[in-house]
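Thanks for coming. I will keep this short and go through one model, from confidence to packing.

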Amino acid sequence: MPGPTAPGRTSPAGTGRVAGRPPLPGALRRFCAASGVSSLGDGACLTAAPLLAASLTRDPLQLSLVSAAALLPWLFSGLVGGALVDRWDRRRTLWTTDAVRAVLVLTGVALAATGWIGIGPLAALAFLLSAGRILFDTAAAAYLPELVRGEPELPRRARVRLRATTDVTEGVAGPLAGAALFTLGRTVPLVAAALSFLFSALVIRSLPPGAPAPRGTGSSALKDARAGALYLVRDPLLLGLALRSALCNLAFAAGTAVFVLFAQEELGLGPVGIGVLLAVEAAGCFFGSLVSGRLTERVGTGGALALTAVLLAFAQLGLGLAAGPFAAACAVLLRAAALGATTVLAPSVRESVLPAELLGPVTAASRIAALGAAPLGALLGGGLAVMGGLRAPYLIGAVFLAAGALVSLTMTTGPRAAGRAAPPGTRPGNGCARRANP
């Protein structure tokens with residue numbers, strides 16, 4: 001075995017590992033690979049499902065039903081997902097979830113191939129796939145530490161590896177692959193997604209079993225959320241963060257509901273162009289999470305929250321007024337970067353001002369308030385597009401985001417936000433452009 005080398009240098013054995021760091025366990029590498037392939041399927045569905053819906057109907061209101069169905073499970077994610085994972089075997093939950101999702105997607109393919117697919121079945125499929133992803137993500141976060149016991153640094157490295165893998169596959173590679181495969185046939189990306197879920201299930205099933213599921217403590221999640229809600233409404237800073245997230249989700253979901261029609265009819269984009277826009281969004285979100293720490297150093301946490309809120313409103317307005325793909329891509333990139341920074345900053349502020357015993361309940365209450373706005377926003381977007389055209393959801397969404405900026409300026413810029421926030425640069429977001437913002 002080669003001897004130690006200076007920090008930051010690679011081992012002379014040519015392994016590429018940084019000397020002094022223990023190698024990541026093989027089981028962890030296989031788990032990250034399986035999660036990445038699973039996320040690739042999610043990214044493909046992210047593009048394929050709206051395109052398939054748009055091939056069935058050009059009615060924005062019907063399209064908004066599919067978007068609302070995909071967002072609805074996030075409303076219950078904070079309460080149900082964690083409670084179930086705490087009681088189930090994590091590895092079995094992971095591989096079973098992806099196996100079931102493979103069957104669901106293949107069922108959708110069969111319906112489409114026989115002409116039985118419609119907006120109703122597609123909305124149900126979107127709901128179930130989204131619920132499965134939430135369960136997978138929650139179980140993955142709980143299972144990951146079980147693969148890296150024994151070394152204090154490994155859990156952090158494992159989280160970074162897993163997050164980087166899923167961000168790239170779900171946010172960039174998946175949408176591009178889904179868009180490209182859609183040009184070959186409207187069910188081709190769904191078949192690819194089903195194969196990715198099946199591969200993930202088989203690999204995870206071969207991993208070491210997890211620790212026995214802990215017994216429930218008897219604490220009621222709903223009771224905890226109620227206590228958290230009472231604390232939330234009495235604290236202006238925390239209430240401001242929750243209101244801003246709710247307004248953001250309302251605005252973003254309104255645009256997402258008609259995004260495919262907007263891109264096709266207003267921007268003149270085809271499936272591949274839509275996939276590129278989604279990849280640009282994911283890249284901007286990742287960039288925003290990286291620069292959030294430097295932004296906070298320059299203007300403070302409260303100032304950064306206010307600045308990103310203003311940029312979100314400006315970018316949403318720019319997207320609604322965009323005359324072509326390049327202008328739309330610039331607006332999407334700016335909006336995603338601002339959102340990426342926000343998804344790092346807001347949780348760090350919440351964590352810094354809350355006592356440990358209230359962090360869970362208040363976070364759950366905040367998620368319910370914020371995520372509950374997303375499906376409502378999707379339905380609102382469909383209605384606005386019917387009444388005012390495909391640009392209306394983005395222009396009205398900019399008004400909601402301007403209200404969110406006002407909330408930030410008046411409620412989240414005080415000394416509590418500026419003085420006690422934890423360093424935000426250590427918490428990069430994961431898929432913030434795709435999911436509702438908690």
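Predicted model: local features only at pLDDT ≥ 70, side-chain atom pairs only at ≥ 80, totals over all residues.

The average pLDDT for the protein is 84, and 82% of the residues score at least 70. One covers residues 1-19, which have 14 contacts in the model beyond near neighbours in sequence. The other covers residues 419-431, with 36 contacts beyond near neighbours in sequence.

Now the cores. In soluble globular proteins, nonpolar side chains tend to be buried together. Here the largest nonpolar core holds 48 residues. Which of its members touch the most others? They are V66, L190, F259, I274 and L319. To take one of them, V66 touches A53, I119, L122, A123 and A126, setting aside residues up to four places away in sequence. There is also a second, separate core, with 20 residues, and A34, Y143, L144 and V148 are among them.

Next, the aromatic rings. How many aromatic pairs does a search of the whole structure find? It finds two.

One is F31 with Y143. The ring centres are 5.4 Å apart and the planes stand at 80°; the cut-off for edge-to-face is over 60, so this pair is edge-to-face. F31 belongs to helix 1, residues 26-56, and Y143 to helix 4, residues 119-147, so the pair ties together parts that lie 112 residues apart in sequence. Are these two residues buried or exposed? F31 is buried, at a relative accessible area of 0%. Y143 also counts as buried, at 1% relative accessibility.

The other pair is F262 with Y394. This one is tilted, with 4.5 Å from centre to centre and 40° between the planes. F262 is in helix 9, residues 259-266, and Y394 is in helix 14, residues 392-411, so the link here runs between distant parts of the chain, 132 residues apart. Both F262 and Y394 are buried.

Staying with helix 9 for a moment: F259, V260, L261, F262 and A263 are buried in this helix. F259 is also one of the residues I named for the largest core. After helix 9 comes G268, which has a positive phi, near 70°.

Two arginines lie over rings as well. R101 is over the face of F197, 4.1 Å from the ring centre. R205 has its charged end over the ring of W95, at 4.8 Å from the centre.

Back to helix 1, for S35. S35 has a relative accessible area of 1%; the cut-off for buried is under 20%, so S35 is buried. Apart from neighbours within four places in sequence, S35 contacts F136, L162 and T166.

Last, helix 12. This helix covers residues 356-371, 16 residues in total, and spans 23 Å from first C-alpha to last, close to the 22 Å expected at 1.5 Å a residue. Which residues of helix 12 are buried? They are P361, V362, A364, A365, S366, A370 and L371. A370 has a relative accessible area of 0%. In sequence A370 is 121 residues from N249, yet their C-alpha atoms are 6.9 Å apart in space.

That is the tour; I will take questions.

Conventions
Residues numbered from 1 in each chain as written. Heavy atoms only, no water. Helix = DSSP H or I, 4+ residues; strand = E, 2+ residues; numbered from the N terminus. Expected span 1.5 Å × (residues − 1). Buried < 20%, exposed > 50% of the residue type's maximum accessible area, 1.4 Å probe, protein only. Core = buried A, V, L, I, M, F, W, Y, C linked by side-chain atoms within 4.5 Å. Contact = heavy atoms within 4.5 Å. pLDDT = per-residue confidence, 0-100. Phe/Tyr/Trp six-rings, centres within 6.5 Å; stacked < 30°, edge-to-face > 60°. Lys NZ or Arg CZ within 6 Å of the ring centre and 35° of its normal.
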